[in-house]
Amino acid sequence: QTITLVLQIDISPAASVDDLTITGSGADLLTITKPTGAGSRAIRNGINGNPPDTTTITGINFSQTVGGAISNQAILTVTNCTFTNIASTVSGVGISNPLVGTLTVTDSGFSGNGVPSGGGFGGGLDNDGTATVTNSTFSSNTVGAGGAISNGGGLTVSGCAICGAQSCKSETGRQTPRPTNGAARWPIFRDGMTRLWRSRLY
């Protein structure tokens with residue numbers, strides 16, 4: 001099943017009283033796409049750090065969402081979701097997590113996302129807030145820097161595979177001077193605190 005959005009879904013302080021859970025039927029069964037409106041994403045969670053409650057999104061494939069899939073400006077947990085073949089003009093093609101955002105991603109995949117012009121940061125994730133990514137995969141995401149992840153905040157990556165057609169090997173996740181073909185200029189572009197645990201970059 002495919003749900004096609006015309007407008008961005010806003011999860012706002014006025015709309016949130018308690019924790020909110022959005023449960024899909026499975027990333028292989030439910031796709032959300034937003035083929036128009038390059039200036040907005042499929043979902044924006046919160047505004048400037050509000051609401052203080054947690055939004056959980058699970059079991060959805062986000063694909064071909066012009067403008068990127070999710071912007072998190074509050075507290076967000078993403079589980080068992082995929083982000084595939086998204087072409088955007090903004091950084092954080094899969095998920096953008098700015099300074100006010102707290103993000104947890106588990107058992108999810110980011111593949112084939114990028115900025116066609118070759119600019120931007122973070123084909124899978126652009127983080128300037130606090131983010132934890134566990135047991136997830138990043139493959140063949142293409143942007144100017146940080147094909148998989150661009151981090152300017154606090155980031156912990158555990159049990160993940162970060163790969164592409166010709167990715168740089170970097171056990172610490174620091175940017176390397178050797179550019180790559182297709183996957184990323186650097187698999188992880190780091191300008192903040194990055195911790196990698198039991199993960200593979202290849």
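Colleague: Which strand pairs with E15 in this model, and in which sense?

Modeller: In this predicted model, strand E15, residues 130–134, pairs with E18 in the parallel sense. The pairing runs over five bridges.

Colleague: Where does Ala 131 find its bridge partner?

Modeller: Look in E18: the partner of Ala 131 is Leu 155.

Colleague: On to the rings. How many aromatic pairs are there?

Modeller: The count comes to three. One of them is Phe 62 with Phe 83, at 5.2 Å centre to centre and 10° between the planes. Planes under 30 degrees apart count as stacked, so this pair is stacked.

Colleague: Where do Phe 62 and Phe 83 lie in the chain?

Modeller: Phe 62 is in strand E7 (residues 61–65) and Phe 83 in strand E10 (residues 82–84). They are 21 residues apart, and the pair links distant parts of the chain. Phe 62 and Phe 83 are both buried.

Colleague: And why does the pair of Phe 110 and Phe 138 count as stacked?

Modeller: Because their planes are at 0°, with the ring centres 4.7 Å apart. Phe 110 belongs to strand E13 (residues 109–111) and Phe 138 to strand E16 (residues 137–139), so this pair ties together parts 28 residues apart in sequence. Phe 110 is buried, as is Phe 138.

Colleague: Which residues do the ring pairs link into a cluster?

Modeller: Phe 62, Phe 83, Phe 110 and Phe 138.

Colleague: Now for charges. What is the general idea?

Modeller: Side chains of opposite charge can pair when their charged atoms come close. Here the structure holds one salt bridge. Arg 44 and Asp 10 form it through their side chains, at 3.0 Å from N to O.

Colleague: How accessible are Arg 44 and Asp 10?

Modeller: Arg 44 has a relative accessibility of 27% and counts as partly exposed. Asp 10 is partly exposed too, with a relative accessible area of 40%.

Note on methods. Residues numbered from 1 in each chain as written. Predicted model: local features only at pLDDT ≥ 70, side-chain atom pairs only at ≥ 80, totals over all residues. Heavy atoms only, no water. Salt bridge = Lys/Arg side-chain N within 4 Å of Asp/Glu carboxyl O. Buried < 20%, exposed > 50% of the residue type's maximum accessible area, 1.4 Å probe, protein only. Pairing = 2+ DSSP bridges. Helix = DSSP H or I, 4+ residues; strand = E, 2+ residues; numbered from the N terminus. Phe/Tyr/Trp six-rings, centres within 6.5 Å; stacked < 30°, edge-to-face > 60°.
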